[in-house]
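Please read this short report alongside the sequence and the model.

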Amino acid sequence: MGSYQMTFKRYEKKYLLDDSQYKEFVKRTSGRLIPDQYGTTTICNIYFDTPDARLIRASLDKPVYKEKLRLRSYGTPKKDGPVFLELKKKYKGIVYKRRESMVLSEAERYLLRREMPGVETQVLREIDWFLQYYKDIRPAMYIAYDRIAAYDMEEPELRVTFDWDIRFRSRELDLRKGAWGRQILEEGQQLMEIKIPGAMPVWLSELLDQLHIYPISFSKYGKAYQLQNVRHTREGKREGGKYCA
């Protein structure tokens with residue numbers, strides 16, 4: 001699986017691309033943006049929230065500060081497979097991410113039963129504070145997607161990722177249950193993220209302009225939450241005999 005950085009501080013810009021924009025972007029950046037060693041990776045996540053969805057509802061209001069907690073695996077893990085517990089905070093557009101690695105069974109004991117892991121780190125102290133503050137936090141949404149990541153050979157801290165086949169479910173919230181669920185994006189769409197430590201490089205900004213690729217506000221969990229609520233509303237209307245397509 002390789003080694004993964006455990007702390008991040010960066011800007012993250014998101015863009016929704018259609019097939020033609022994606023192909024042209026890849027073509028125009030070939031030779032400069034180099035795919036990383038992992039190739040296409042399926043990333044699986046369980047997002048945690050309160051029963052009243054306090055975290056995602058606050059996030060959708062676009063506050064100056066927001067935070068989220070998720071359990072992540074690369075591919076479908078086994079009971080003692082490696083996972084990452086991630087605490088992600090965003091303040092004034094800057095993303096701060098803290099990540100702790102452990103095996104799935106240990107992470108589940110910690111998150112679901114509050115059994116402390118056998119180690120103590122600064123990242124775990126931050127996560128523990130988060131868990132104590134949001135006392136009734138629990139698994140809320142499963143989200144998986146396929147990703148290709150690339151880095152700039154001249155500025156390796158500049159990373160670009162492409163996500164597709166983003167699927168979610170609000171039941172069977174267990175990473176071992178497999179990467180299935182309802183689609184978030186429309187067919188042919190790709191979610192591109194540009195992760196940079198500072199200002200956007202001029203060459204990249206000009207290329208995005210030329211291809212008419214513009215930044216958007218997009219949260220995978222936020223979109224899944226909204227789609228789930230729309231479905232529940234429609235089902236409620238159908239059951240009441242008032243639903244019309």
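Rings of Phe, Tyr and Trp (its six-membered ring) count as a pair if their centres lie within 6.5 Å; planes under 30 degrees apart are called stacked, over 60 edge-to-face, and the rest tilted. By this rule there are 7 aromatic pairs. The model is a predicted one, in which local features need pLDDT of at least 70 and side-chain atom pairs count only at pLDDT 80 or more, while totals for chains, interfaces and linings use all residues. Residues are numbered from 1 along each chain as its sequence is written, and side-chain values use heavy atoms, with hydrogens and water left out.

A pair of aromatic rings is described by the distance of the centres and the angle of the planes. Two of the pairs are listed here.

| Pair | Centre to centre | Angle between planes | Class |
|---|---|---|---|
| Phe25 and Phe162 | 5.9 Å | 70 degrees | edge-to-face |
| Tyr133 and Tyr134 | 4.8 Å | 85 degrees | edge-to-face |

Phe25 lies in helix H1 and Phe162 in strand E8 (residues 159–169), so this pair ties together parts that are 137 residues apart in sequence. Helices (H or I, at least four residues) and strands (E, at least two) are DSSP runs, numbered from the N terminus. Buried means under 20% relative accessible area, exposed over 50%, and partly exposed in between (1.4 Å probe, protein chains only). Phe25 is buried at 0%, and Phe162 is buried at 6%.

In the other pair, Tyr133 is partly exposed at 43%, whereas Tyr134 is buried at 8%. Trp129, Phe130, Tyr133 and Tyr134 make up one aromatic cluster.

Phe25 also takes part in a helix contact. Helix H1 (residues 19–29) packs against helix H5 (residues 202–210) at an angle of about 145 degrees, with the axes 11 Å apart. Axes are lines fitted to C-alpha atoms, for helices over the stretch in contact, and angles run from 0 to 180 degrees between N-to-C directions. On the H1 side the contact is made by Phe25, Arg28 and Thr29, and on the H5 side by Trp203, Leu204, Leu207, Leu208 and Gln210; contact means heavy atoms within 4.5 Å.

Where is Glu157 placed? Glu157 is in the loop between strand E7 (138–152) and E8, and Glu157 is exposed, at 60% relative accessibility. Leaving aside neighbours within four places in sequence, Glu157 is in contact with Lys195 and Pro197. Glu157 and Arg10 are 147 residues apart in sequence, and their C-alpha atoms are 9.5 Å apart in space.
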